[in-house]
Amino acid sequence: MPAQPDLAASTPDPRAAHDALRERCPVAWSESQHWSVLRNWTVGEVGTIAASIGILMHWLATAPDWQRRLREQPGLLPSAIDEVLRIDGPLAANRRITRQAVTLAAGASSPASG
């Protein structure tokens with residue numbers, strides 16, 4: 001049975017996008033590096049989108065209670081999608097930036113990094 005999404009926890013922080021837009025890369029990229037990143041983002045997106053759709057379809061197929069709930073309350077769809085893909089994302093690894101020091105339930109900790 002898939003994990004139940006915590007819809008309240010998936011509300012995006014509008015400051016995150018605001019802050020990200022103002023970040024500057026400390027190293028100047030060459031034109032070929034810019035094209036390489038652009039190519040990786042655009043070509044990679046097709047596989048990521050396809051994987052995301054598969055993850056969402058599998059989750060819906062194995063969670064009939066959520067199928068019913070989302071049909072009855074379609075306004076929950078954006079948060080449900082965000083939460084399902086947070087739990088079971090299409091990428092094998094993803095970088096995370098912590099805005100403050102964090103201690104996980106298992107005792108591991110991470111200092112603020114962004």
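Modeller: Contact, as I use the word here, means heavy atoms within 4.5 Å. Leaving aside neighbours within four places in sequence, Ile55 is in contact with Val84, Leu85, Asp88, Gly89 and Pro90. Please keep in mind that this is a predicted model.

Biologist: Fine. What does the secondary structure of the chain come to?

Modeller: The chain has four helices and two strands, and reading along the sequence gives the pattern α-α-α-α-β-β.

Biologist: And which residues form the largest nonpolar core?

Modeller: That core has eight residues, namely Ile55, Leu56, Trp59, Ala63, Trp66, Leu70, Ala80 and Val84. Helices α2, α3 and α4 each supply at least two residues of this core, and the largest share, three residues, comes from α2. As a general point, nonpolar side chains in soluble globular proteins tend to be buried together.

Biologist: How many aromatic pairs does a search of the whole structure find?

Modeller: The search finds one aromatic pair. The ring centres of Trp59 and Trp66 are 5.9 Å apart and their planes lie at 40°, so this pair is described as tilted.

Biologist: Why tilted, rather than stacked or edge-to-face?

Modeller: Planes under 30 degrees apart would count as stacked and planes over 60 as edge-to-face, so the 40° between Trp59 and Trp66 puts the pair in the tilted class.

Biologist: Are those two tryptophans, Trp59 and Trp66, buried or exposed?

Modeller: Trp59 is buried, with a relative accessible area of 6%, and Trp66 is buried as well, at 4%.

Biologist: Back to α2 for a moment. What does Ser52 touch?

Modeller: Ser52, which is found in helix α2, touches Leu85 and Pro90 when residues up to four places away in sequence are not counted. Ser52 is buried, with a relative accessible area of 12%.

Biologist: Which residues form a nonpolar patch on the surface?

Modeller: Ile49, Ile53 and Met57 form that patch, and together they have about 300 Å² of accessible area. Met57 has its place in helix α2, which covers residues 31-62, and Met57 is partly exposed, with a relative accessible area of 49%.

Biologist: Changing topic: how many salt bridges does the structure hold?

Modeller: There are two salt bridges. In one of them the side chains of Arg68 and Glu72 meet, with an N to O distance of 3.6 Å, and in another the side chains of Glu83 and Arg86 meet at 2.5 Å, again N to O.

Biologist: Where do Arg68 and Glu72 sit relative to each other in the helix?

Modeller: Arg68 and Glu72 are four residues apart in helix α3 (residues 64-72), so about one helical turn separates them. Arg68 is partly exposed, with a relative accessible area of 46%, whereas Glu72 is exposed, at 54%.

Biologist: And which helix holds Glu83 and Arg86?

Modeller: Both Glu83 and Arg86 lie in helix α4, three residues apart, which is about one turn of the helix. Glu83 counts as buried, with 3% relative accessibility.

Biologist: Now the later part of the chain. Where does Thr98 lie?

Modeller: Thr98 lies in the loop between α4 (77-87) and β1 (102-103), and at 16% relative accessibility Thr98 counts as buried.

Conventions
Residues numbered from 1 in each chain as written. Predicted model: local features only at pLDDT ≥ 70, side-chain atom pairs only at ≥ 80, totals over all residues. Heavy atoms only, no water. Patch = residues over 30% accessible without salt bridge, like charges linked within 9 Å, V, L, I, M, F, W, Y side chains within 5 Å. Areas by Shrake-Rupley, 256 points an atom, 1.4 Å probe, with all protein chains shown as cover. Salt bridge = Lys/Arg side-chain N within 4 Å of Asp/Glu carboxyl O. Buried < 20%, exposed > 50% of the residue type's maximum accessible area, 1.4 Å probe, protein only. Phe/Tyr/Trp six-rings, centres within 6.5 Å; stacked < 30°, edge-to-face > 60°. Core = buried A, V, L, I, M, F, W, Y, C linked by side-chain atoms within 4.5 Å.
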